[in-house]
Amino acid sequence: MSKAGETGEMNMTYLEEARELLREFPVADGHNDLPWALREQVRYDLDARDIATDQSAYLHTDLARLRAGGVGAQFWSVYVPSDRPGAVPATLEQIDCVRQLIDRYPAALRAALTAADMEAARAEGRVASLMGAEGGHSIDNSLATLRALYALGVRYMTLTHNDNIAWADSATDDPAVGGLSAFGRAVVREMNREGMLVDLSHVAATTMRDGLATSVAPVIFSHSSSRAVCDHPRNIPDDVLERLPANGGVAMVTFVPKFVLQAAVDWTAAADENMRAHGFHHLDTTPEAMAIHRAFEERNPRPVATVSTVADHLDHMREVAGIDHLGIGGDYDGTAFTPDGLDDVSGYPNLIAELLDRGWSRTDLTKLTWQNAVRVLGAAEDVARDLRSRTAPSNATLEQLDG
Amino acid sequence: MADLQDELEATAEAGALDAPPRAETAEVTRDGTKAPPAAPERLEDLENLEGQEEDLEDPDGLEDPDGLEDPDGLEDPDGLGEAHEFLAAHPVADGYSGLPWVLRHFPSYDLELGEGGVDTDVPRMRKGHIGALFWSLHLSDRLTGERAVGATLEQLDLVRTVVHAHPEGLRLVHSAGETTDARNCGRIGILLGPAGAPSLGDSLGILRALHALGLKAVTLAGASWAGEAGLSRFGEEVVREMNRLGVLADVSGASESTVRRALAVSRAPVLCTRSAAAALRPHPVNLPDDLLAVLGEAHGLCMVPLTAEQTGPSIRDVADHLDHVRAIVGPECVGLSGTYDSGAAHPQNLADASCYPRLVAELMHRGWSQDDLALLTWGNVQRVLRTADFTARAAQDRREASTAKIGDLDG
């Protein structure tokens with residue numbers, strides 16, 4: 001116990017060191033759902049959620065907190081739900097939202113399409129703003145639409161969201177095609193050709209393995225943690241992490257408590273079971289359903305994840321994949337709950353301080369926060385340049401390839 | 001001067017000096033002797049034209065400019081030397097081509113060498129002196145709702161792919177300046193649009209996304225906000241947002257009330273990408289004289305299509321429409337629209353994109369001045385593009401991107 005005071009003091013020093021490090025090598029975060037939050041909360045009325053002012057009552061994200069958190073690049077998710085029609089039009093509206101944000105806050109945000117753009121933004125002290133699509137449903141089985149999204153600036157696509165799609169299995173759905181179908185592999189190859197990163201978060205382990213086998217460019221996990229540390233299907237198994245060095249890809253650790261903390265996984269499962277026992281869908285948010293949920297929560301306090309929980313994942317992932325294959329993908333504004341100390345986008349320095357405390361070197365941390373993410377996008381560009389010089393765009397269809 | 005080849009050509013015949021530069025050396029001699037008889041003939045025709053219009057239908061020479069081939073066949077193979085010469089300096093900016101939708105169904109194509117299955121390819125566009133061309137993104141009527149947005153993205157991707165595959169001939173352009181640049185580089189400028197109103201998915205965000213992909217014109221027809229009753233409140237907001245972005249409003253095929261409302265609301269010139277005169281030939285897409293007059297007052301642009309259905313079966317019919325439209329809207333507000341590869345039948349001798357010189361020759365016979373012709377073929381489209389860009393820059397200083405929703409405005 002005599003160490004407690006000392007540790008506190010140490011942490012202060014580490015926190016300062018973390019902030020200093022982030023000034024030079026800021027966080028390039030793989031996933032932030034601000035656009036969806038703006039759509040759901042205010043239907044894109046950007047005056048009503050002016051992120052130049054404090055939005056902590058409504059959002060995890062605003063410009064001041066991005067700055068405080070040492071964020072230097074952000075993949076803004078242009079997520080749309082997979083369980084309703086009209087994914088393509090909705091995705092375009094999400095893209096338009098990001099473009100409007102960039103136009104609206106030119107001093108804080110800079111549009112970024114390439115690794116070079118990311119470095120330029122860092123040099124200017126602006127947040128490099130990239131886009132990632134979350135789920136193959138956003139291209140409606142069309143490689144032409146995939147290319148259109150690329151042309152609009154989308155630089156990664158998660159192959160699925162929570163539901164299976166025709167050509168890829170999701171981690172949180174029943175196995176169907178058993179990974180990637182033939183068309184799914186064609187999608188991956190076309191992404192390679194365009195220079196759009198293949199994101200293997202949210203997909204089934206079978207899809208992860210098929211994606212790694214198919215992609216000739218480095219892949220990413222935009223927001224996933226380690227399954228060995230916390231057994232949740234959304235996390236990455238060790239055999240997949242082990243393949244990242246050969247592929248060159250990056251696994252960006254996520255903070256979502258119900259994915260990173262085993263106790264939270266178990267608690268969420270029990271809570272969902274409780275909802276179903278009362279005749280509700282487990283994601284129901286109607287007042288009646290929420291009342292049932294609150295009653296459950298009063299009886300069973302929600303387990304709380306901490307900075308240390310996330311650091312445990314990083315320590316393990318580093319053991320398995322190596323320091324060159326780690327990144328950060330907070331999933332802010334995409335999750336209701338966050339770990340203690342990582343409550344919003346201003347929390348990243350706490351994680352870096354924790355890792356400094358655990359003995360991570362400055363060089364290693366710059367790879368984690370910035371360098372790996374920039375490298376992986378640049379590598380995708382190199383592969384695309386080569387492929388485009390040798391191959392024509394594909395217009396293969398689901399019907400042709402998957403019969 | 002010391003160039004040996006120049007010397008050789010110069011010694012061929014003294015008459016060569018009188019010949020138009022494009023004439024081939026071997027034919028130059030005959031040109032000197034045979035051209036004079038041809039000229040008075042033309043003058044005579046012009047007088048006839050002024051005198052009585054019925055005569056127009058009779059003389060063979062005029063009915064089919066190819067008829068001129070016989071007397072002048074040797075000096076000027078197709079009798080269109082003057083038209084070619086004029087178009088070389090003032091190419092055609094063509095308001096409508098249905099090529100993207102046709103190519104969608106082709107397993108492969110080569111527009112650079114020539115593509116027999118379509119009316120438009122690079123060699124024929126060069127022969128027709130097309131310098132810029134709107135590529136329509138109109139979809140089949142069966143594609144509506146959310147499918148229309150995805151299909152539009154696919155069409156845009158197709159256009160990008162096609163243009164990318166023909167870098168020697170084609171170049172995507174988005175503004176008046178880029179169009180001129182493309183021409184100065186010997187490329188045909190491809191402008192994206194018009195797209196149909198259903199492509200916007202009732203969303204200004206989607207309009208902005210499509211604009212970011214290069215969309216330059218939208219037809220205000222076929223959506224709940226641009227129907228028979230005219231523009232709804234959301235429809236007007238669409239037009240204002242188009243003004244802010246620099247996307248042109250096309251009202252060919254729009255209802256009369258939509259045309260009037262669009263002309264009133266739009267701060268940028270309004271286009272008709274394929275409308276002829278309803279007074280000469282009734283057709284739902286043709287404009288009656290009163291609407292043409294309003295379009296002219298608003299300084300819009302009426303681009304007359306070369307289709308048998310809308311303008312009639314002969315070159316003279318097309319020219320009649322051009323005369324009529326010019327008389328009403330003025331020479332600054334009339335343009336040309338090939339409407340090739342749109343499924344429409346074309347007037348005789350205007351079967352494909354190479355035929356513009358014949359039409360220009362006809363207009364020359366009718367006494368169109370060089371200035372008016374230059375506006376018709378190229379200048380008016382340039383003016384409209386330039387004004388739209390200017391309007392957009394001015395509007396962007398005043399207006400933020402509109403967040404209006406169709407549900408809020410149209411209930």
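Which residues is I352(A) in contact with, leaving aside its neighbours within four places in sequence? They are A18(A), L21(A), L22(A), L365(A) and T369(A). Two residues are in contact if their C-beta atoms, placed from the backbone, lie within 7 Å.

The model is predicted: local features need pLDDT of at least 70, side-chain atom pairs count only at pLDDT 80 or more, and totals for chains, interfaces and linings use all residues. Residues are numbered from 1 along each chain as its sequence is written, while chains are lettered from A and ligands numbered from 1 in the order in which they are written.

I352(A) also belongs to the largest nonpolar core, which has 231 residues. A nonpolar core is a set of buried Ala, Val, Leu, Ile, Met, Phe, Trp, Tyr and Cys residues joined through C-beta atoms within 7 Å. A residue is buried if 20 or more other C-beta atoms lie within 10 Å of its own, exposed if 12 or fewer, and partly exposed in between. I352(A) is one of the members that touch the most others, as are V154(A), A251(A), A249(B), A262(B), L295(B) and C302(B). In soluble globular proteins, nonpolar side chains tend to be buried together.

Chain B contains 18 helices and twelve strands. Helices (H or I, at least four residues) and strands (E, at least two) are DSSP runs, numbered from the N terminus. Of the 411 residues in chain B, 51% are buried. Among its contacts between residues at least 6 apart in sequence, 72% join residues at least 24 apart.

The contact between the chains takes 23 residues from chain A and 20 residues from chain B. On the chain B side, helix 8 (145–165) and helix 10 (204–212) each supply at least two residues. Helix 8 of chain B gives the largest share, nine residues. By class, this side of chain B has nine nonpolar, six polar and five charged residues. Ala, Val, Leu, Ile, Met, Phe, Trp, Tyr, Cys and Pro count as nonpolar, Asp, Glu, Lys and Arg as charged, and the others, Gly among them, as polar.

Helix 16 of chain A has 29 residues. At 1.5 Å a residue, taken over one less than the number of residues, it should span 42 Å, and its end C-alpha atoms are 41 Å apart, which agrees. A kink of about 55° is centred on L368(A); the bend is the angle between axes fitted to the seven residues ending there and the seven starting there. The buried residues of helix 16 of chain A include L365(A), L368(A), W370(A) and V374(A). V374(A), L377(A), G378(A) and E381(A) of this helix meet A115(A), M118(A) and E119(A) in helix 5 of chain A.

Most residues other than glycine have a negative phi, and most peptide bonds are trans. R43(A) has a positive phi, near 50°. R43(A) is found in the loop between helix 2 (34–42) and helix 3 (63–68) of chain A. R43(A) is partly exposed, because 13 other C-beta atoms lie within 10 Å. D140(A) also has a positive phi, of about 50°. D140(A) is buried, because 24 other C-beta atoms lie within 10 Å. The peptide bond from G193(B) to P194(B) is cis, with omega near 0°. P194(B) sits in the loop between strand 4 (188–192) and strand 5 (195–196) of chain B.
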